[in-house]
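Reader: I am new to this structure and would like to know what stands behind the words used to describe it. Could you take me through them one at a time?

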Amino acid sequence: MVSLLLILVVSLFFSGIIIRTKSILSGRKGPGIFQPMLDILRLWRKGSVVSKTTSFIFQIAPTAYFSSVIMAVLMIPHGTYPGIISFEGDFIMFAYILAFGKFLMIISALDTGSSFEGMGASREALFSMLVEPAFFILLGSFALFTGQNSFHDIFSTLHYGSQISYLLGGLASFVLVMIAMIENSRMPLDDPKTHLELTMIHEVMILDNSGFDLGVIMYTTNLKFAMYGALISNFFIGMLPFEISVPLFFAIQIGFATAVGIIESFMARFRMGHNPQFVFILTSVSLLIFFGVLLVLGKFA
Amino acid sequence: MAKIFVEILNLLAIAALVTIPFLKTKGRGIMALFVISLQIIIVSALSFAVFTNGAAEYFYAGSWVTGAIPVRIDYLSAWFMLIISFTFLSGVWYGVQYMKKYMDQPDNLALHLAAFILLYTSLIDICIVQNGLVVLVVWEIMALSSFVLVIFEHYKNTTLKAGINFLIQSHVCILFLTLAFMWVKVRTGSFDFNAITLFSTSQSPIAGIALFIFFFTSFAIKSGFVPFHTWLPLAHPAAPAHISGIMSGVIIKIGIYGMLRVLMLIKSDMITIGYFILMVSVVTGLYGVMLAIVQHNLKKLLAYHSIENIGIIGIGIGLGCIGIGNSNQFLVFAGFGGALLHTLNHSLFKSLLFFSAGNVYQARHTMNIESLGGLIKKMPHSGYLFLIGSLAICGLPPFNGFISEFFLYIGLFHGLATGNFVAILVLLFTMLGLVIIGGLALICFTKAFGIVFLGSPRIQIPDEQDTELPQRIWPMYVIVLLIMVIGLFPLLLSGYLIRIVSLYIPSLDIGLQLQFIETLGKLTIVGWYSLGFILLIVSVYYLRHLVTRARVLTLQPTWGCAYAPANPKMQYTASSFIRTYRKLAEPLLSIKREKREAQGLYPKYISQHTHAQDKIEIWFINRPLHFIRKILNSFVFLQNGNIQAYILYGFVFVGFAILLPSVIEKILVIIKFLNQL
């Protein structure tokens, strides 16, 4: 319950911080941090234009996408407070529920029959497939490290003993930040601000969505960012008491958003053909974490 | 009681076969429907009786050739009998409607019906008879009847070719099976399955593993493990839709049954066997799905997906074996339980997918994905049923595929926590394989569903209207019902799974049994959450409906970047959807490309064809065949068409066969004589 509320709060201003960071770094003042949320609210009040080619899939996909992320958010714990949904192996369901939403978004892009959207859908399907192994190895490493098999148990028993384990925490945050960037199709994989349809991934998939549905999709993106931020914060919160953990949570989320803004300001987008190689790096980093865990546990034979 | 049931089952089949010549085509159809339904009722009653009363066993005296013929129906048999029966039930009701298109071929239909009844009866008999020789005979009946079913459209060249390929490969499978049973018979003097246990405990461990390899090869051909899968992608597109569904749903699963049965009997180095199966399975799963993505024929795509799912089932079996070897009872449970559950699940969603594909085929007369599109508006039932099948096969909640994959993941994570270094590495890479398989399946089915059913039709063909009649749709909805029940209430199956798995762990203690039930309880929680997820989607959608009800909704053509005369040919194609993937996977695949480039100032016609070839088929089947043919061609002079020469060959052979023993005797005498010098 705690983490759900915290994530919902953060999702209101997360992308605002990213935009603000980017503005400041490019020498502008920039809009207030709640501006993106206000834009979404405006979209929610608008009517919509729907393609004649589409079917019911196109109508339900944004809703299902949003529900899948909400369902995933429900599983995120906050330190010692478990998520609303918590059971052994919940992170498996976490990954698969998110995949469900993605599946529907991909087919809804194909539903419009547009080549642009098909292109985006194709890339989204491939990159999210490539990112999945990194997530599972990461969670597998920490499951092995703590001997637990659920988000809450892993994070509440996680304590850093040796120097290597600090390194593991750092690497894990790196992997999660990168996973969040890929899942949300941000730089260095994809540039949401680009104006050429041929080079976009996520943005080009939703070209035909408008009005309420577009608002839902954009809010879901914010929610997803906040969700990954919450996951990262869990690596550091651990057993800390509530008074410290909540400010720490916000600090980490703001830090995460700022980091995203900085990355987007100083990095150029990769060539599309190089993206898979980049995504593979994540898998190797998480393998590194896995072997680190084996090292800490002394399981090398 | 079991004896009476089994006998009635077989007598019904014989009676049905006898009456076929005396009926008209329509009567034959009704009779087959009636007989198979009756048989299914009997088999289901028998299976449930076994699950409530425990295993049934009785003997036939047999003859001096076979020895006593034991009929044993244990939990494992009952489980597979139920899976087979349900798939046949939906298959026969769907198939009768599907075959209505072919009413003008009465003889062909009669043969098809007879083979169908034979196939069902022989599959059930394989599950219950435990005498090697009898099983071989029944196995042969099964292979032949499924061959007849596959080549229904034998007037098409490709169908016949695929059928003959299937026939040959099923006989290679029988060859290995025969060798294995003969080896056991020679060493122990019995065809009884229990002799396998005797064999593996009395002979050296190497012999035990070698015997397992014989069995494994045979069953791997039947169930399509890489590299023995090459018959599958050919036979599935050739067969009628209900046969493809049944073949993918249960015929290939009989190999899985065989494997599970042999693993139950053989007492050998289970860890080595487990690692071996895991390795083969991960390769199978990855290879199957990697090739599935690049297919252009919808049924071929589904066939490669069967290979992938066999890989997933194999992962479960491998985990179970490692569990037995390490006496880690939880791993045994998660592994075998996951494998058994996935066998059931795959039979459900794969037959659903094949039946939907069959509807598409009968409406559009093509299976080429590139020329389909927009079908969800013309065939909403088939479309949404295909979608449910796709979501289930990708292992997404709230459908049943998720439950069995969850089982395997739980097993893998549990194994990680308890294993030694080698085991951890193996399990890690298995997990990696499973995750990648899942991700690739997502690409594959977004492609298949998105291109076939969504968008607008790519080629205008006048379609037939009657493919969505209620009588051919309802069996598919029954399958969906079962998919949902398993997805939401997996606890219903726990009792069955625990009983089957306890056959592998004779010393199962109560505490662990409770732990298993607890794990299944967790799966029930997963089921409830899945239900919650559905409710969440529905309520959010209702909220959306409430909000957008008052808003303006305008219908417009799809946004085309200001290009006005957009046409369906400009839609994204299946090939372009997977292009990035294809580029990545190109080194591992073999893709034939034919390109006609634009030439001259006014180029008229440009084209590009890509055709995915199966690298393993080329290296493992085509190249050796080519080589053998080259050698054998030097002996072609023997086949001179002269009947006298053929009779001479016969005499030479008979004479040689008769003289051989005495010649050997003489040689031995000479050797003896020389030795005495």
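This is a predicted model: local features need pLDDT of at least 70, side-chain atom pairs count only at pLDDT 80 or more; totals for chains, interfaces and linings use all residues.

Author: Helices (H or I, at least four residues) and strands (E, at least two) are DSSP runs, numbered from the N terminus. Residues are numbered from 1 along each chain as its sequence is written, and chains are lettered from A and ligands numbered from 1 in the order in which they are written.

Reader: In what order do the elements of chain A run?

Author: From the N terminus on, they run α-α-β-α-α-α-α-α-α-α-α-α.

Reader: What makes chain A as compact as a globular protein of that length?

Author: The radius of gyration is taken over C-alpha atoms, and the globule rule is 2.2 Å times the number of residues to the power 0.38. For 301 residues the rule gives 19 Å, and the radius of gyration of chain A is 19 Å, close to that value, so chain A is as compact as a globular protein of that length.

Reader: What share of the residues in chain A is buried?

Author: A residue is buried if 20 or more other C-beta atoms lie within 10 Å of its own, exposed if 12 or fewer, and partly exposed in between, with C-beta atoms placed from the backbone. Buried residues make up 58% of the 301 residues in chain A.

Reader: How many residues of chain A are in contact with chain B?

Author: Two residues are in contact if their C-beta atoms, placed from the backbone, lie within 7 Å. By this test, 66 residues of chain A are in contact with 65 residues of chain B. Helix 5 of chain A gives the most to the side of chain A that touches chain B, with 17 residues. That side has 39 nonpolar, 18 polar and nine charged residues, where Ala, Val, Leu, Ile, Met, Phe, Trp, Tyr, Cys and Pro count as nonpolar, Asp, Glu, Lys and Arg as charged, and the others, Gly among them, as polar.

Reader: How do you know that strand 1 of chain A and strand 3 of chain B pair?

Author: Two strands pair if DSSP finds at least two bridges between them. Strand 1 of chain A and strand 3 (residues 553–556) of chain B have four bridges, in the parallel sense, and A:Ser51 stands opposite B:Gln556.
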